[in-house]
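Please look through the sequence and the model below before reading on. The report that follows takes up the sheet, its strands and the core in turn.

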Amino acid sequence: MKNIRAFVTTLLVGALVSLWTTGVAVALPIRADDDVADPSLQQVVKDDESFDKTSDVVITGGHVDIGAKMRDGKWTLLARDDSQYPPTWRPLDKMVFYLDETSVQQLPNGNDYSFTGAKPGDNVYAIPQTEVHGVPWLGWSTQAPAIVQHIDGQVKLTFEGHQGKGIFTNFLQEGMGGAPKLLWTSTDKHAQTIHVDPNTHTHTNWVFTRPGIHLVRISISATLKDGTAVTDSQVLRFAIADNGNGNKEGVAGGAADSSKGAGGGGEPATGKKPNDDLIGKARSATWKQEGPDVSALARSEEATQSRSAAIVWWIGGALAVLLIVAMVLGWLVHRRSQRIQHNVLCSLPNSNEQPFKGDINKVEETSQ
């Protein structure tokens, strides 16, 4: 009986543990707003900031955030160009982010950054999460009034694909010397979503292993307070010049520099003129959906969520069956215990028969 009870207990505990761990794995979102306490990220985004929809701009340095705004009543992913004052919102298809040798950094020893696809000591082209003079400082912001005032819940920022040579990754470095947290990688051909709280401002590391033209497709989604689901998808364009080895300071360890880069089409910090031919190719490049298909990525993400939900339901059903089995076993054990008790009681003397009291010898003499 003890063995049966121990077995049932083990099954129930195992099922509960499985349900708990699976539930955590399915429900836990990837967050990317852990560095909002950084003083350098404090800023105020106003609703009346200018919007320039016609100028073609090359960003060679300075601060730029991507984020959503309402344009003509439509939820739109734009860039807030803060590389020059005052900040100006721009369409992403009018912008090229230009990187030269100043962006080149060397991977440190160890395997912490193996997810980038490069080896320790290899050079990569990086937009660090800490501002470096002469390199675009690219992040994202959910501080626009359209987001803060009108959405219900978190914002979903989804990496939908990469076109270009080599591997693209985006990761967050948690504090000085902290472990990197991978957010996006082009080696995974599925849509990759991070969840961002409203009214936050984040910078991460954008890393490319090869120079050339790179297109990165990103979408931003949310649910408005009236229940309307909104989303927009845009392509970020990067032109990376191959001019030598450059900076050797480490992927996330470049010293902060509060001064602005040239931005808005000026010359990089190296003093070299940007490669106009490379910039022109980046500007004219089109999203051909070579590699990951955006619609397929979305379907894949939905399928993954459906599979996760199915797993949770399956485990929940299995747990329910185990509970029923446990109840039946408990009932059988109880019935068996009652029968054993009944049999024991039946084997005892009848309570109406009085036990003999006296001398057995006297009874025998009387009978004679």
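## A helix across a sheet

Which strands does helix α3 lie across? Helix α3 (residues 276-284) lies across β2, β6, β16 (212-223) and β17, and runs at about 160° to β17. Here helices (H or I, at least four residues) and strands (E, at least two) are DSSP runs, numbered from the N terminus, contact means heavy atoms within 4.5 Å, and axes are lines fitted to C-alpha atoms, for helices over the stretch in contact, with angles from 0 to 180 degrees between N-to-C directions.

This is a predicted model, in which local features need pLDDT of at least 70 and side-chain atom pairs count only at pLDDT 80 or more, while totals for chains, interfaces and linings use all residues. Residues are numbered from 1 along each chain as its sequence is written, and side-chain values use heavy atoms, with hydrogens and water left out.

## The open sheet

An open sheet with mixed pairing is formed by 6 strands in the order β2-β6-β17-β16-β10-β13, where two strands pair if DSSP finds at least two bridges between them. Because β2 (57-59) and β13 (192-196) stand at the edges with a single partner strand each, one side of each is left without a neighbour in the sheet. Within this order, β6 (residues 95-99) and β17 (residues 229-240) run parallel and are joined by 3 bridges, and leucine 99 stands opposite isoleucine 240 in β17.

Strand β15 runs antiparallel to β8 (residues 123-127), with 3 bridges joining them, and isoleucine 127 has tryptophan 206 as its bridge partner in β15. β11 and β15 also pair in the antiparallel sense, over 4 bridges, and threonine 169 stands opposite valine 207 in β15.

## The nonpolar core

A nonpolar core is a set of buried Ala, Val, Leu, Ile, Met, Phe, Trp, Tyr and Cys residues joined through side-chain atoms within 4.5 Å. The largest has 41 residues, of which Trp184, Trp206 and Phe238 touch the most other members. Not counting residues up to four places away in sequence, phenylalanine 238 touches a set of residues including Leu99, Ile127, Trp206 and Phe208.

Note on methods: Buried < 20%, exposed > 50% of the residue type's maximum accessible area, 1.4 Å probe, protein only.
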